[in-house]
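Have a look at the model first, then read on.

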Amino acid sequence: MTHITVDPRSPFFDDADDRQERGAFRHSAMEFFPGLVSGNTLSFNTIVHDASTRPGYDVIRQRLTVGVPNGLSSEWFDPQQRTVEAIAEQPVIAGRYESLDYYLSQRNTTPLHGMGLVEMISLDRLNAIALSQTRSSGGIISGRVAGKYGWRGQVDTLSGFVAGACATELGLNVGDTIRQSADPADPRYVSLAPDITTNQVADLTSYVAGLPAPNMQMLSGDERKQVRRGKRVFHSIGCATCHIENVVPANGIYSDLLLHDMGPELQDPFPAPAYHLTSSSSANPVGAYSNRYGRGGGTVSGPGTERDRRGPRGDRGRSNSRSNEAVVATGTPIAIPMDYPEQPQFPRGKVKEVDVKVRYPLSWDALQREWKTPPLWGVADSAPYLHDGRAETLAEAILWHGGEANQSKRNYVRLSEGQKQLLETFLESLKAPVE
Ligand code: HEC
């Protein structure tokens, strides 16, 4: 699945206030990629539907390839042609339309095993894991609690995840909770009635919640021994610090469901959500990065640069009507100011480590490196791996680890061939359930 993300630092946004008055702002965004505009809202990220056969969509996809400096074959939008190797070689493609910089990247579909168990994991538990993880690793590994769903933890309830998939991936009108993605070939189209009822979304959610969790395979005595030895290797090189075997009640999940800075090689344009959840509560981050304009003047808000740190009106310090909610450090991430590059490029420029750590831990740029630890249950059957599917094999997936997982990756590299084989045998035992 292809994502398009626009860079909030683009000069396109500089005089947005004036142009917004004239309606020109909306107009040029519509001309470029109409799917980014919905009513009065400009999103910073949306999906480019690879498989859409809608008349006119071809032209829209074609336009995205024109602004890419070295060109982009239109086959790139064809899931049959786009290989794991091609993604690994160039995970993010940068382009420019007039003064708007944009990036194209991929999202791999996440497996849905055991989602009902994931839903039951309490936020208190995740907070406790985050705390003990930070302590035991001396602060080198410090997961951040966000939502439990999506590669970036961008959704915090299973029903929100399911409804979001209906609205965004499928383009259905799901009522007024989540905005249906616009039809890029006809952005003015408004579907007047819900395409799917609240009850149907609830049924779909129950179905997904009922999908079984993977179980340990029935193995022969000898295999069991090998798997046990491989599991010891997994623990000894630090994989289990993040890929935690049991998070009650999700036994065998091999994840902490926390966000980690995974280093520059896994950086991807659209950032993780900028909030902490601190109690058994939820905040719906869907649309958190929407850029509202055209509402009685005012600044184009949205991801601010340093000169505009306010963020979308009403978003900062988001408080929810539910009383047990405690959301800290919420708001829109700030994009660290950078020069206008001669050619569009990703990342846009270098950010100093100290800026990320001390000054802007929840900046647009730092959040681009955060990923939620994916559960490893069923991992033997879910290739290709990683958020954009750039890794064909388990070994490749491990070698892409960086950032907080750097030490663990280095330990892996130093293993003997025999130990690597044992680790692989263990990971290969984590099979998807057979119904
Ligand atoms: C700091 C936390 C952390 C540590 C330590 C860590 N991982 Fe990961 N792992 C992650 C995150 C986060 C991802 C997802 C990264 C992405 O998609 O870009 C991931 C992805 C994976 C994947 C791909 C899963 C999928 O469904 O795509 C495998 C396999 C994996 N890790 C195995 C390991 C092994 C083996 C080790 C030990 C050598 C290890 N990990 C250490 C956090 C960690």
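Of the 25 residues around the ligand, C239, C242, H243, H387 and H401 come nearest, where being near means having a heavy atom within 4 Å. This is a predicted model, so local features need pLDDT of at least 70 and side-chain atom pairs 80 or more, while totals for chains, interfaces and linings use all residues. Numbering starts from 1 along each chain as its sequence is written, and side-chain values use heavy atoms, with hydrogens and water left out.

Here are some polar contacts (pairs of N or O atoms within 3.5 Å):

| Residue | Its N or O atom | Ligand atom | Distance |
|---|---|---|---|
| H243 | side chain | nitrogen | 2.8 Å |
| L386 | backbone | oxygen | 2.8 Å |
| H401 | side chain | nitrogen | 2.8 Å |

As for the shell, α12 (394-399) and β13 (370-372) each put in at least two residues. The largest share, 3 residues, is from α12. Helices here are DSSP runs of H or I with at least four residues, and strands are E runs of at least two, numbered from the N terminus.

Notes:
Polar contact = N/O pair within 3.5 Å; in protein donor to acceptor, adjacent residues only side chain to side chain.
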